[in-house]
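Student: I have a structure to read and want to understand the terms used for it. Can we go through it by question and answer?

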Amino acid sequence: MGMTMTQKILASHAGLDSVEVGELINVKLDMVLANDITGPVSINEFEKSNFAEVFDRDRITLVMDHFVPNKDIKSAEQCKQCRSFAKRFDISNFYDVGEMGIEHALLPEKGLVAPGEAIIGADSHTCTYGALGAFSTGVGSTDVAAAMATGEARFKVPSAIKFHLRGELKPYVSGKDVILHIIGMIGVDGALYKSMEFTGPGVSSLSMDDRLTIANMAIEAGAKNGIFPVDDVTKKYLKGRVNRVYSIYEADPDANYDAIYDIDLSEIVPTVSFPHLPDNTRTFTDIPKIEIDQVVIGSCTNGRFSDMKAAWEIIKGRHIAKGIRAILIPATMQVYKECLQKGYIEDFIDAGFVVSTPTCGPCLGGYMGILASGEKCVSTTNRNFVGRMGATDSEIYLASPAVAAASALMGVIADPRIVDSKSERKAEKKTEKKLEKAERLAEKAEKAAAKAETAAVKASEKKTAAKTTATKKTSSKKSDAKKTKIKKTSKENK
């Protein structure tokens, strides 16, 4: 029987011709990742095990992103420990304040992950890199400790679910809506320890950022990993980022899947995940008026440039509702820089947003947007568990950047299709009023010009008439004088 994309990558990295579902294998790794929260735990285990060296200083990445810049003494100590470890082993890929970014946006941007590679990270959303055609998954910090020393990890080969995508997304609908739709359909355990493989003609219509978002939240359906085929969109994204040779894997025609779902992308609409699980999804036909307190746009799920742009297109020239706290978090310094160059940052600030340095911050209830008791937040993050962003009785509504931006403007969970169409109608009416005013002014000016012209004609006629009268009088006087002269001459001659 044939193999899936994931099974082929695992077989290759295990040095095997083929693998079977449930088989335990040792896999050689291309990248091992940890952050400022999980890194210290891995380092402690590394040292407890008396490992003397790392397997490859170029294949370990440490990203300080969760509590950076440090929010307190404990977070400062954790980052210090990671810095010391990176310095001790001369780790090539160590990212700290000023050059870091949210890890799962940063690694693809830097070209540190590529198709056909096997990657693990001490963070559950490491499954993001499957968007590039890689096998990537989150593991425990102890597994990362062993991997940093050996360059290997042990896996049970997962079975797979195929998601056959067709059609194209409509305006205001993005990869976030796709994955929320899927999770709502299969549940938070619908892909438990399975590979979610996305295929079909609809894949080519998805941007790389959409794919990264979809793969990022595969874990929210319980999946071991999410993975996309490598196509022209992938290769275009990799160009200039990945210069090393990479391998492209395709599923065999006879590969076995536990289930196959056919999804028409054109039928997906803006979707919101209600508290307190990602599969508690609703569309705007079933969303009542819910007043909110905060909006967060950012995270490893939706903090890329296209996410910033989607939100900007809705808020530009407008202002958030009174009483709303709106937080924008570009995922990397490069994204931040692009937003600055495009003028987005100024527009967001003018709209009432606060703009943060790249950080995971509020997503895990760390800082930069903690919720108080009873508060509600629309967020582009990936989890809405009880107490995830603050108080245990606060509520998180997961949504796309477009929905989040629209909600910030309205002060309630809002449909971007309606909000933006209202904005367009308002702009059209404003333009119509301006045109009407201009027409009235032009008409008034035309009348004034006509009146002035008439007055000028009358003045000219009056002047001409006066000149004619004066000429006649002068001619009459000259004629009378001539007659008098003739009479006088005649008398003298007599």
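Tutor: Start with a bridge: I120 has T137 in β6 as its bridge partner. This is a predicted model, where local features need pLDDT of at least 70, side-chain atom pairs count only at pLDDT 80 or more, and totals for chains, interfaces and linings use all residues. Residues are numbered from 1 along each chain as its sequence is written, and side-chain values use heavy atoms, with hydrogens and water left out.

Student: What makes β5 and β6 a pair?

Tutor: Two strands pair if DSSP finds at least two bridges between them. Strand β5 (residues 118-121) and β6 have 4 bridges, in the parallel sense. So they count as paired. Strands here are DSSP runs of E, at least two residues; helices are runs of H or I, at least four; both are numbered from the N terminus.

Student: Why are β4 and β6 called edge strands?

Tutor: The open sheet has 5 strands in the order β4-β3-β2-β5-β6, with parallel pairing. β4 (93-95) and β6 (135-138) each pair on one side only.

Student: Why is the pair of F198 and F228 called stacked?

Tutor: Rings of Phe, Tyr and Trp (its six-membered ring) pair if their centres lie within 6.5 Å; planes under 30 degrees apart count as stacked, over 60 as edge-to-face and the rest as tilted. Here the centres are 4.8 Å apart and the planes at 15 degrees, so F198 and F228 are stacked. F198 is in strand β9 (residues 194-199), and F228 is in the loop between β10 (225-227) and α8 (232-238), 30 residues apart.

Student: How do you know whether F198 is buried or exposed?

Tutor: Buried means under 20% relative accessible area, exposed over 50%, partly exposed in between (1.4 Å probe, protein chains only). F198 has 0%, so F198 is buried. F228 also has 0% and is buried.

Student: What makes W312 and Y344 a tie between parts of the chain?

Tutor: Their rings are stacked, 4.2 Å centre to centre with 20 degrees between the planes. W312 lies in helix α10 (residues 305-315) and Y344 in helix α12 (residues 344-350), so the pair ties together parts 32 residues apart in sequence. W312, at 15%, is buried. Y344 is buried at 5%.

Student: How do you know that R241 lies over the face of Y237?

Tutor: A charge sits over a ring if NZ of Lys or CZ of Arg is within 6 Å of the ring centre and within 35 degrees of the ring normal. R241 is at 4.0 Å from the ring centre of Y237.

Student: Why is α7 called largely enclosed?

Tutor: 9 of the 9 residues of helix α7 (residues 208-216) are buried, so the rest of the structure largely encloses it.
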